[in-house]
Amino acid sequence: MDDFLSNLSSAMATFTFFYSTATFVFIYAMFRDHFPQHLQDDIQKYGRKLVNFAYPYSQITFDEFTGEYMRRSEAFTAIENYLSDKSVVSAKRLKADAVKDGQSLVLSMDYHEEVADEFNGIKVWWSSNRTTPRSFQFSVYPAVDEKRYYKLTFHNRHKQIITESYLASVMNEGKAIEQNNRLRKLYTNNPSKDWNGFNPKWSYVAFEHPASFDTLAMDANKKQEIINDINKFKMGRDYYQSIGKAWKRGYLLYGPPGTGKSTMIAAMANHLEYDVYDLELTAIKDNTELRRLLIDTSGKSILVIEDIDCSLDLMGERESKKRKIKEDSDMDPISKKVKKEMEETTDGKVTLSGVLNCVDGLWSSCGGERIIIFTTNYIENLDPALIRRGRMDLLIEMPFCCFEAFKVLAKNYLKINSHKLFEQIGELLGKTNMTPADVAENLIPKFEGENVELRLNRLIEALKATKNGGARRPNQKRKRRNSNLTNKKKK
Ligand SMILES: Nc1ncnc2c1ncn2[C@@H]1O[C@H](COP(=O)(O)OP(=O)(O)OP(=O)(O)O)[C@@H](O)[C@H]1O
Ligand SMILES: [Mg+2]
């Protein structure tokens with residue numbers, strides 16, 4: 001009997017629902033067809049006021065993926081981090097994600113959970129949501145049309161303070177938490193032929209290079225100038241905004257092999273706590289691919305292009321341009337236009353000026369706090385127009401080992417600040433071109449327990465041999481090798 005009654009009441013409820021919906025649709029159609037437009041507008045206006053009166057709350061939605069290229073939204077990530085702690089306290093259902101490559105766990109609220117937050121005495125509510133795919137799909141990968149988003153709900157009368165102050169504080173706090181949780185990464189670009197939905201443009205390993213400015217061997221004043229420059233850059237958000245310049249800086253490191261260019265990049269990345277993108281230009285076909293790669297990089301990062309003399313065709317870039325102008329002057333205007341388009345799109349070989357233009361254009365418009373570093377062993381091969389101020393902000397020479405640099409290496413490798421043999425070594429270094437890498441090699445113990453004096457004497461012998469022409473020539477031609485920054489297998 002109970003079953004019968006409950007079935008009857010549910011049937012009646014369904015009937016009532018359909019009946020009222022049909023009535024509403026009918027009345028709405030009458031209203032739309034027969035009422036004059038101005039009356040409809042007034043009624044809608046008052047209707048909205050009534051709804052606002054009955055439900056005086058506003059909502060803001062933050063989607064996980066946004067924009068034409070469907071990049072993961074920075075706001076979404078910041079909110080996720082911001083809500084992490086609050087969720088642990090108040091949400092009933094939590095999700096766990098591994099961060100720092102599985103070294104620790106971050107908890108966040110599960111879908112369709114809600115947590116409350118307070119800002120200057122104002123109460124707001126955050127909910128975590130996802131829309132599931134419309135059709136059933138059997139796949140091991142996440143559904144492509146699944147959308148995740150956060151929704152913020154607050155009273156209408158607090159709209160101004162929420163949109164102007166609360167959200168900014170959520171973003172700042174969320175980004176700070178992310179900075180603490182994240183594992184710093186060294187990215188390398190994959191060959192463009194392999195890019196697809198499941199193979200990303202960049203692969204990464206954990207960036208665990210131990211270099212620091214303390215262990216970097218070079219002239220102390222020069223080192224301090226570089227540290228000041230990058231510190232000023234890191235703190236310069238408002239400055240760059242006030243002068244209307246993109247928040248980016250370009251360095252060119254030049255010097256013979258083994259003078260510490262890659263070590264300097266690692267020291268900079270560690271000092272700034274930035275990720276590193278090691279861009280291998282030979283794996284890219286044209287400027288379009290370069291643009292796609294650069295769009296896929298994040299802020300707080302250093303983009304490195306090592307050995308540009310080996311990666312790019314820089315020699316005579318101007319010469320070939322001059323030649324082209326002469327050839328073009330013999331052509332009719334239509335052929336000229338077609339040729340120009342072909343050169344810009346299909347031919348589109350990557351050049352240093354192409355890279356700089358791309359970086360200037362993209363980074364001026366999408367986010368800041370980025371450094372680009374080029375390295376070369378042969379600065380004399382670069383077109384002076386490309387390394388002028390404004391294109392490269394600072395040229396940093398990494399020279400052969402001087403006495404001051406040696407003292408840093410002695411402290412690193414031998415744990416000493418002075419020794420009776422230092423004077424002789426200083427004299428020899430003044431007359432010899434030996435790289436810090438070669439000096440370091442002589443200071444490393446060759447057998448268990450080799451003492452300091454033996455190692456210093458070996459260095460003295462090597463310096464004497466170099467002085468007499470026995471050392472390897474630093475200016476030998478060579479091909480681009482794997483970056484010295486890479487320290488682990490890719491993921
Ligand atoms: N200035 C330096 N300070 C401390 N260590 C250095 C320095 N220069 C070289 N070394 C040591 O020598 C090794 C090679 O140096 P590094 O790879 O940084 O040279 P490089 O200038 O990048 O050379 P290349 O032009 O061949 O890429 C480093 O692993 C480091 O141990
Ligand atoms: Mg190097």
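**Checking the words**

Mentor: The protein chain has 16 helices and 15 strands, where helices (H or I, at least four residues) and strands (E, at least two) are DSSP runs numbered from the N terminus. This is a predicted model, where local features need pLDDT of at least 70, side-chain atom pairs count only at pLDDT 80 or more, and totals for chains, interfaces and linings use all residues. Residues are numbered from 1 along each chain as its sequence is written, chains are lettered from A and ligands numbered from 1 in the order in which they are written, and side-chain values use heavy atoms, with hydrogens and water left out.

Trainee: What makes Phe-233 and Tyr-240 an edge-to-face pair?

Mentor: Rings of Phe, Tyr and Trp (its six-membered ring) pair if their centres lie within 6.5 Å; planes under 30 degrees apart are stacked, over 60 edge-to-face and the rest tilted. Phe-233 and Tyr-240 are 5.9 Å centre to centre with 75° between the planes, hence edge-to-face. A search of the whole structure finds 14 aromatic pairs.

Trainee: Why are Phe-403 and Phe-406 described as stacked?

Mentor: Their ring centres are 6.0 Å apart and their planes meet at 25°, so that pair is stacked. Phe-403 and Phe-406 are 3 residues apart in helix α13 (residues 403-414), about one helical turn. An α-helix has 3.6 residues a turn, so residues three or four places apart point the same way.

Trainee: Which of the two is buried, and which is partly exposed?

Mentor: Phe-403, at 30%, is partly exposed, while Phe-406, at 0%, is buried. Other buried residues of α13 include Ala-405, Val-408 and Leu-409. The buried residues of α13 pack against α14, α15 and α16 (452-467).

Trainee: What makes Lys-185 count as sitting over the ring of Tyr-204?

Mentor: The rule is that NZ of Lys or CZ of Arg must be within 6 Å of the ring centre and within 35 degrees of the ring normal. The charged end of Lys-185 is 4.5 Å from the centre of the Tyr-204 ring. Lys-201 likewise lies over the face of Trp-195, at 5.8 Å from the ring centre.

Trainee: Last one: what does Thr-432 touch, not counting residues up to four places away in sequence?

Mentor: Leu-463, Thr-466 and Lys-467, with contact meaning heavy atoms within 4.5 Å. Thr-432 is in the loop between α14 (422-431) and α15 (436-443), and its 4% relative accessible area makes it buried. A polar atom of the Thr-432 side chain also lies 2.4 Å from the backbone oxygen of Leu-428.

How values were computed. Buried means under 20% relative accessible area, exposed over 50%, partly exposed in between (1.4 Å probe, protein chains only). A polar contact is a pair of N or O atoms within 3.5 Å; within protein, one must be able to donate a hydrogen and the other to accept it, and residues adjacent in sequence count only if both atoms are side-chain atoms.
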